[in-house]
Amino acid sequence: MDRIGPDLLRLIGGGFAAPHLIMGDVPTLVDAGTAGRGPTIERELRASGIRIERIILTHGDPDHAGGSDHLRRVTGAEVCASLAERPLIDRSGWPSLPRLRRGLMKAMFRGTPPPTVDRWLEGATTVNGIDVIPTPGHTPGHIVLAWEGWLLAGDAFVSGQRFRESPWPFTIDRLSARRSIEMLLSRAPRGASSSHGRPAERASERLQVLVESWR
Ligand SMILES: [Zn+2]
């Protein structure tokens, strides 16, 4: 586990997409790794003596939601996701996905059932001090979480030395994704850590450079 801030950690065992951990009043895991990675994340948490009580999914892609059911079962954590993401998570919306995306979802969930969600979050809201920010684009109900000036960006963009857009073949609505990034910039974040890129400080500056690339 890597420490990003006093109460903010980044896990290493999630597979393709890094889960994060917010150690607020209610220890909250942000994303749950790839299908099959639940036990790895469970071990990583246990080794640090951390007992999560909540899981918030940034979106329904298999590398973020695949380990969720396992972790829910072994920890009793409440699983939350955006209501706008429901068709992707319960799979009722899969038939309307682009064919490549649908095939990838199917393959990566490896025959597991749709992840159970205990609580659907509506619009912009706050969960135990964590800001939930709707950021449609990569998926229709994608959310970014903000905590102590940091954005946990999921796949809204890719953080690192230089911020990038998420690869467009995996982005369902690229125009909305750009609008979402512009909106995140307006929050003047201090740092950002996405699921597929390294955590970085000076997020406002880096987002500004990204936004200017299409303006
Ligand atoms: Zn994704």
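**Figure 1. His59 and His138 at the zinc site of the predicted model.** In this predicted model, His59 and His138 are both buried. The zinc ion is coordinated through NE2 of each of these histidines and through OD atoms of Asp61 and Asp155, at 2.1 to 2.2 Å. Along the chain, the donors are spaced as H-x1-D-x76-H-x16-D. His59 belongs to the loop between strand S5 (54–56) and helix H2 (62–65), and His138 to the loop between strand S9 (130–134) and S10, so the pair ties together parts that are 79 residues apart in sequence. The angles among the 4 donor atoms run from 89 to 164°, and the site is classed as irregular.

**Figure 2. Gly137 in the loop between S9 and S10.** The relative accessible area of Gly137 is 3%, so the residue counts as buried. Beyond its neighbours within four places in sequence, Gly137 is in contact with Thr171, Ile172, Asp173, Ser176 and Ala177. Ala35 is 102 residues away from Gly137 along the chain, and the C-alpha atoms of the two are separated by 23 Å.

**Figure 3. Ser195 and its surroundings.** Ser195 is located in the loop that joins strand S12 (191–194) to strand S13 (200–201). Its relative accessibility is 3%, and Ser195 therefore counts as buried. When neighbours within four places in sequence are left aside, the contacts of Ser195 are Arg10, Phe16, Ala17, Ala18, Asp31, His64, Gly154 and Asp155. Asp155 is also one of the residues that coordinate the zinc ion.

Figure 4. In soluble globular proteins, nonpolar side chains tend to be buried together. The largest nonpolar core here comprises 23 residues, and those with the most contacts inside it are Leu21, Leu29, Leu45, Ile52, Ile55 and Leu57. At least two residues of this core come from each of helix H1 (38–47), strand S6 (78–82), H4 and H5. Residues touched by Leu21, not counting those up to four places away in sequence, include Met1, Leu8, Leu9, Thr28, Leu29, Leu45, Ile50 and Ile52. A second core of 18 residues is separate, with Ile133, Ala146, Leu184 and Ala200 among its members.

**Figure 5. The aromatic pair of Phe157 and Phe163.** The structure holds 2 aromatic pairs. In the pair shown, the rings of Phe157 and Phe163 are stacked, with 5.2 Å centre to centre and 25° between the planes. Phe157 counts as buried because its relative accessibility is 1%. Phe163, at 3% relative accessibility, is likewise counted as buried.

**Figure 6. Arg91 over the face of Phe109.** Arg91 lies at 4.6 Å from the ring centre of Phe109. The loop that holds Arg91 runs between helix H4 (86–89) and helix H5 (99–109). Arg91 has a relative accessible area of 19% and is therefore buried, the cut-off for this class being under 20%. The phi angle of Arg91 is near 75°, a positive value in a residue other than glycine.

**Figure 7. The backbone at Glu148.** Glu148 is situated in the loop between strand S10 (143–147) and strand S11 (150–154). Its phi angle is near 50°, which is positive although the residue is not glycine. With a relative accessibility of 40%, Glu148 counts as partly exposed.

Note on methods: Residues are numbered from 1 along each chain as its sequence is written. This is a predicted model: local features need pLDDT of at least 70, side-chain atom pairs count only at pLDDT 80 or more; totals for chains, interfaces and linings use all residues. Side-chain values use heavy atoms; hydrogens and water are left out. Helices (H or I, at least four residues) and strands (E, at least two) are DSSP runs, numbered from the N terminus. Buried means under 20% relative accessible area, exposed over 50%, partly exposed in between (1.4 Å probe, protein chains only). Donors are N, O and S atoms within 2.8 Å of the metal (3.2 Å for Na, K and Ca); water is not among the atoms, so sites may look incomplete. Four donors count as tetrahedral if all angles lie between 85 and 135 degrees; four count as square planar and six as octahedral if opposite donors are over 155 degrees apart and all others between 65 and 115; anything else is irregular. A nonpolar core is a set of buried Ala, Val, Leu, Ile, Met, Phe, Trp, Tyr and Cys residues joined through side-chain atoms within 4.5 Å. Contact means heavy atoms within 4.5 Å. Rings of Phe, Tyr and Trp (its six-membered ring) pair if their centres lie within 6.5 Å; planes under 30 degrees apart count as stacked, over 60 as edge-to-face and the rest as tilted. A charge sits over a ring if NZ of Lys or CZ of Arg is within 6 Å of the ring centre and within 35 degrees of the ring normal.
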